Amino acid sequence: MAEITYEGKTFEVDEDGFLLKFEEWCPEWVEYVKESEGISEITEDHQKILDFLQDYYKKNGIAPMVRILSKNTGFKLKQVYELFPSGPGKGACKMAGLPKPTGCV
Amino acid sequence: MPQGTFCNTTPIGTEDELKALLGDKGGAQYYEEMKELDVDSDAIAALLEKTCQSRIRTWLEICAHCGMCADSCFLYRVNDRDPKQVPAYKIQSTLGELVKKKGKVTNEFMRHCVDVAWSQCTCCNRCGMYCPHGIDMGVMFSYLRGILNSQGFVPWEMKIGSGMHRVYNAQMDVTTEDWIDTCEWMAEEYEEEWPGLEIPIDKEDADIMYTLNAREPKHYPEDLAEAAILFHLAGENWTVPSTGWEQTSLSMFAGDWAACKMQVESVYNAIEKLRPKRVIGTECGHAHRATVIEGPYWAGREDGLPPAPYIHYVEWVAEALRTGKIKIDPEKKIKEPVTLQDSCNYVRNHGLAKATREIMSYIAEDFREMGPNREHNYCCGGGGGFNGIGKYRKERNKALQTKRDQILATGCKLVIAPCHNCWDAIRDLEEEYEIGIRWSFLKPLLIKMAIVPDHLKLPEE
């Protein structure tokens, strides 16, 4: 497994660059991921999605489906894509420290 | 005997078991346990006796070791023509040995078979076209996967995938309630742009029942909305079932035969319940293979056919363009050079190359073929579950070089990939090799190009 060091923090990541240990998540991780996701600034809206993804993951051990994300954050699908151009299942999950979704994704 | 907590011969049966397995990130403990897993030789021998029948036994015996299959295999070519990547060698040294030794093999041998079956063959079936005897190593590797799975030797993600099918009747955790909610949500969100847009659920005797891939409701619901928009534009009388909508089969990639049968029967039950005139599957390759080509046999259907005519999305698109149900605005045709990925699962394995080319003739001004193409095209590099297995990422990324080079040779910056797996592989090859390409399914492109009939336009237009 690869290790990434950014702003003095070290992160263990899987083969697709997703955090291997959810507990290692910290704001520096978000800073690290945002560039590769084409996001210039983390707004309150981004944060709202990240917070929900983390809460859901803590309770369920898996990423939510987009409908559940939308329902709980109030964002329409288009807004979710505007916030996370690579999509909720990939960019947003990666930034929130969730593992890469399994299956055909 | 050690059966691991996670790596064992018991298939996933409950949501809790599934979540526990997911919690073992990357399968760290799972793969450690696999090293200790006992091999039940008697059980393998009995399974071979029952299932390894004349075709496979004959194939194993008549292989002349001529080597004609070598160059047909993109994994052999891309891995510096390593003799260990010759299809005949790969299958003889795994399934061949297993049969010869009647299952009396070691744990180490079984793990070697796992590596070969899931990282050295994508079951693309290209070798079968080049073997003078017509021996298809892809078919045999699919079979080997089943034998390995029966002993608990299966990659972590594959066990999760088939476990999802067993728990949710879908390759992802999408419940019936979530599915219906997503259909209603997508119809509601997109109705703003498409007045009257509907996603009809459980409509009986419709002309079309539509089936799809769980990734669509789970991660990419716009795909479902786009299908609805195109049916709406074409004026189709269509529906989706509330259960039995999931057309894919990760259990097929996993070699979990019981789950394959269970999954495809859920789709067939929906067909029998709703009695559509025909069924259309989404832009997915393996879903078509699982439900249209192989599924009837898993389900024991005597005629070898699904309960209603079942076509791939590209067949419907070709028909819609041909009959004028969907009309393309000539001004909006794709002007730039564009190439097309032929999915092994419905092109090589179901002869649909003409349908996709017919579509290209309507939508593209400068369509450029990859070489080779049609039935001879190479796998995207991530088929057969390869994309989804983290343990083999290095090998998969190497495999993507074949498609990268095919695309680069066309000079195109846009690749149409009407298959989820191919789409993912092409996305990943761009991430890995940064060759500056874009990739797309047909649906979003068609929506941009289609002429919207007056009665379907927004009132203010």
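Begin by selecting Leu446(B), which counts as buried because 21 C-beta neighbours lie inside 10 Å; a residue is buried if 20 or more other C-beta atoms, placed from the backbone, lie within 10 Å of its own. The model is predicted, so local features need pLDDT of at least 70 and side-chain atom pairs count only at pLDDT 80 or more, while totals for chains, interfaces and linings use all residues. Residues are numbered from 1 along each chain as its sequence is written, and chains are lettered from A in the order in which they are written.

Next, select helix α22 of chain B, residues 442-449, where Leu446(B) has its place; helices are DSSP runs of H or I with at least four residues, numbered from the N terminus. Beyond its neighbours within four places in sequence, Leu446(B) is in contact with Leu230(B), Val317(B) and Ile326(B), contact being C-beta atoms, placed from the backbone, within 7 Å.

Now colour chain B by its domain assignment, automatic or from a database: domain 1 (39-154), domain 2 (169-318) and domain 3 (328-449). The contact between domain 2 and domain 3 of chain B takes 21 residues from domain 2 and 24 residues from domain 3. On the domain 2 side, select α13 (222-234), α16 (285-298) and α17 (313-323) of chain B, the elements that give two or more residues to it.

Finally, select Ala228(B) and Val317(B), the residues with the most contacts inside the largest nonpolar core, which has 168 residues. Such a core is a set of buried Ala, Val, Leu, Ile, Met, Phe, Trp, Tyr and Cys residues joined through C-beta atoms within 7 Å.

Notes. Buried ≥ 20, exposed ≤ 12 C-beta atoms within 10 Å, placed from the backbone. Contact = placed C-beta atoms within 7 Å.
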